[in-house]
Structure formats: structure tokens, C-alpha cells
Amino acid sequence: MSSPRPLFPELAGLRWPLIQAPMAGAQDARLALAVGRAGALGSLPAAMLAPEALARELQRMQAADLPCNVNFFAHRPPDAVQAAATDARWRQALAPLRAELGLDEDAGPVPASRQPFGPAMAEVLERCPPAVVSFHFGLPDAALLARVRALGCRILASATTLREAQWLQAQGVDAVIAQGLEAGGHRGHFLDTDPDQQSGTLALVAACARALDIAVIAAGGIATAEDVRAARAAGARAVQVGTAFLCCDEATTGPLHRARLLDPQAPTALTNLFSGGLARGLHNRLMAEFGPVSPLAPPFPLASAALAPLRAAAERLGRDDFTPLWSGTNRAGCRAVPAAEIVEVLAAGFLP
Ligand code: FMN
């Protein structure tokens with residue numbers, strides 16, 4: 001049985017053009033290693049890691065001699081004055097919920113948990129360059145991007161519209177991850193931030209494949225071999241899958257989150273409440289209190305800091321009221337099995 005054409009020659013060792021989506025907060029190198037051993041490309045999400053922690057994770061991948069994709073955010077942090085004002089308003093809005101849980105002391109502002117790619121991370125990559133680097137929320141500035149390119153890493157970036165994909169191609173990325181509205185976690189948008197401007201995965205992949213000269217990777221709602229086949233028929237050279245890996249043995253997804261993912265009836269929505277950025281997750285109490293999208297939430301990534309004590313207190317009581325339950329719309333692939341089994345199911349979509 002012949003393998004499909006590799007996404008890049010450097011990745012010829014991969015059996016499948018299948019990328020396990022980087023999922024900050026839900027995985028570490030253990031999942032990426034399991035996926036790599038099963039013949040697909042494992043990813044290391046770096047947005048919530050300190051540089052030294054990323055270096056340790058990368059060494060685990062390199063010790064196993066497996067290629068990997070290291071993923072960074074490339075957002076522009078909000079200015080300090082705007083941040084302070086919106087943070088104070090958000091804390092005030094959360095005060096009744098804090099009181100309900102007996103958390104009457106507000107700890108006050110804490111540093112943002114998600115940092116954009118910067119010089120310290122570039123140094124880590126220079127010490128142990130990965131095969132692939134991907135960015136979410138656009139790209140870092142030209143000088144930083146040039147440092148990554150100089151290492152010979154293949155560069156991928158998420159696009160939620162054709163316009164974003166064309167902009168990324170013009171900046172010289174090697175492939176575009178076409179992230180449809182079905183996708184779990186944060187929208188990677190950076191030019192077209194209104195979800196009404198965005199489309200489902202298959203329509204976006206088809207538009208990108210027609211208009212671009214570089215490879216298109218489909219992301220969003222892909223959970224079965226049939227979904228893989230549909231993405232390829234629309235023009236995708238590879239697929240990136242997140243939600244289907246969230247319940248597998250090697251993911252670090254918490255028990256409350258896992259339980260909700262395995263409930264086929266649970267609805268998802270796009271919400272800005274948990275970080276300030278629009279992301280798809282399962283409905284929970286916080287979304288019911290404020291509506292999934294609220295002008296009270298401060299800009300990305302500030303909203304999560306004020307929620308952290310509420311989340312921890314509710315989780316101690318066994319409740320997911322304030323936990324971000326990231327999920328795509330398609331949970332047909334979520335199973336509590338080794339990641340290799342998820343890879344095997346998806347890989348069937350690449351067979352003739
Ligand atoms: N994408 C990133 O580029 N970086 C991240 O750190 C990241 N974190 C995510 C965390 C979770 C729990 C999920 C479900 C998705 C995350 N994503 C992230 C989005 C994925 O890259 C991808 O677009 C999405 O998972 C594809 O849709 P699917 O979940 O339906 O497979």
C-alpha cells in the first residue's frame with residue numbers, strides 16, 4: 001500500500017500527512033510522541049510555556065528522533081492602559097460569582113498566561129530546531145520570522161478566511177492551515193475577526209486550494225476517515241486534527257472536560273469569556289451567566305487571569321462552571337484510547 005505524497009520532503013519519514021493540532025493546556029510532549037510513533041506529526045503547543053519548559057519538551061521529541069511541530073501565538077498584546085481598565089471592569093462583573101464561592105478577596109492583576117512568540121523562544125528554537133513551526137493569530141514581526149526561517153524550519157500559519165491565507169502566502173509561509181468555523185479552541189483570525197466573515201472548513205479549504213500556490217492543510221471538524229477524504233477532495237494536502245485527540249490516554253485534558261467531550265449531545269459555541277479571544281467550547285455556567293460573547297470580557301489574553309481562582313474553586317467542588325471546555329463541533333472521534341488508535345482511524349482516509 002503506497003503512502004500519500006509527503007507534505008514536505010523533510011517530513012518524508014511521516015507515514016501520513018496528518019498533524020495532531022497543538023492544544024495549549026490539553027497536552028504536552030507525551031501526546032506528540034505517541035502521535036509521532038504512530039506515523040503522524042505531533043505538535044508541541046508553546047503559548048503557555050516558559051522558554052526553558054519548551055526546551056525540555058523539545059529535547060524529549062529529539063531524544064526519540066521524531067520530527068515535531070512547535071506552535072506559538074503571534075497576537076499583539078493590548079496596551080497597558082486599556083488592559084487595566086477592562087480588567088477592573090471584568091473583575092467587578094465576576095464579583096457576585098466570587099462571593100458565591102466564598103472567594104471575597106480579589107487577588108488583583110496577574111501576568112498574562114499566554115505570551116506571543118518573542119526573542120527568548122527564538123533562542124530555544126536556535127538551540128534545537130524543530131522540523132516545523134506553526135503560528136496562530138498571524139505571524140511575528142519580520143525579523144523574528146527570519147530567525148525561524150534561517151533555521152530551515154517549515155513555517156505554517158492558521159487562516160480563517162481566504163484573505164488571511166493570501167496574506168500569509170505573501171509573507172512566505174510554506175503552508176496555510178485553513179481553520180474552519182467547526183474548529184475547537186481559539187479562532188486563529190488576525191485580519192477578519194468577525195466570525196460572519198468566516199466559513200466552514202470545506203468551503204475555506206476549497207477557496208484556498210483554488211487561489212494559493214502553497215499547500216493547504218484542513219483544520220476543523222475532522223474526526224473520521226470520511227472527514228479526511230472530504231477535506232482531501234476539497235483540495236487539502238494534509239489535515240490538522242485537535243478535538244479527536246482530546247480524550248485519548250496521552251492528552252492532559254482534565255476529567256471534567258473529558259466527561260463533557262464524551263457527551264454527544266453537549267452543544268458548543270464561540271465564546272470570548274475565557275481568554276478575551278473568540279474560541280469554540282462546550283456550553284457551561286459562565287456562558288449561561290454572561291452569554292457566550294460579552295463586551296465585559298477584556299481583550300485577549302487578559303480574561304483568563306481573573307477567572308483562574310473561580311475556576312480552581314469550582315473544580316475543587318467537581319464543577320466545570322468556569323473551566324474552558326474547548327471542543328470542535330465534531331466529537332465523533334473522541335475516545336478514551338491510545339492516540340495511535342485515533343491516528344489509525346484518521347489515516348484510513350488517506351488510503352486509496
Ligand atoms: N491551535 C493552535 O494553533 N495553538 C493552540 O495552542 C491551540 N490550542 C487548542 C486547544 C484545544 C483544546 C483545541 C480543541 C484546539 C486548539 N487549537 C490551537 C486549535 C487547533 O489548532 C485546530 O484549529 C482545531 O483543533 C481543529 O479543529 P478540531 O478541534 O475540530 O479538530
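Residues are numbered from 1 along each chain as its sequence is written. Because the model is predicted, local features need pLDDT of at least 70 and side-chain atom pairs count only at pLDDT 80 or more, while totals for chains, interfaces and linings use all residues.

**Exercise 1. State the confidence of the model.**

Step 1. Recall that pLDDT is the predictor's confidence in each residue, from 0 to 100. The protein chain has a mean pLDDT of 94, and 96% of its residues reach 70 or more.

**Exercise 2. Determine how helix α1 is oriented towards helix α12, and which residues make the contact.**

Step 1. Axes are lines fitted to C-alpha atoms, for helices over the stretch in contact, and angles run from 0 to 180 degrees between N-to-C directions. The axes of α1 (residues 29-37) and α12 (residues 339-347) come within 8 Å and cross at roughly 45°.

Step 2. Angles under 35 degrees count as roughly parallel, over 145 as roughly antiparallel, 65 to 115 as roughly perpendicular and the rest as oblique. Helix α1 is therefore oblique to α12.

Step 3. A crossing is left-handed if the near helix is turned anticlockwise from the far one by less than a right angle, and right-handed if clockwise. The crossing of α1 and α12 is right-handed.

Step 4. Two residues are in contact if their C-beta atoms, placed from the backbone, lie within 7 Å. Helix α1 contributes Leu31, Ala34, Val35 and Arg37, and α12 contributes Ala339, Ala340 and Val343. This contact of α1 with α12 comprises six nonpolar, no polar and one charged residues.

**Exercise 3. Carry out the analysis for helices α2 and α4.**

Step 1. The axes of α2 (residues 51-63) and α4 (residues 119-127) come within 9 Å and cross at roughly 20°. The two helices α2 and α4 are therefore roughly parallel to each other.

Step 2. The crossing of α2 and α4 is right-handed.

Step 3. In α2, Pro51, Leu54 and Ala55 meet Ala120, Met121, Val124 and Arg127 of α4. By class, the contact of α2 with α4 has six nonpolar, no polar and one charged residues.

**Exercise 4. Locate Pro301 and Asp65, and describe the backbone at each.**

Step 1. Pro301 is located in the loop between α10 (285-290) and α11 (303-316). The peptide bond from Phe300 to Pro301 is cis, with omega near 5°.

Step 2. Asp65 is located in the loop between α2 and β3 (68-73). Although Asp65 is not a glycine, its phi is positive, at about 60°.

Terms used. Helix = DSSP H or I, 4+ residues; strand = E, 2+ residues; numbered from the N terminus. Nonpolar A, V, L, I, M, F, W, Y, C, P; charged D, E, K, R; others polar.
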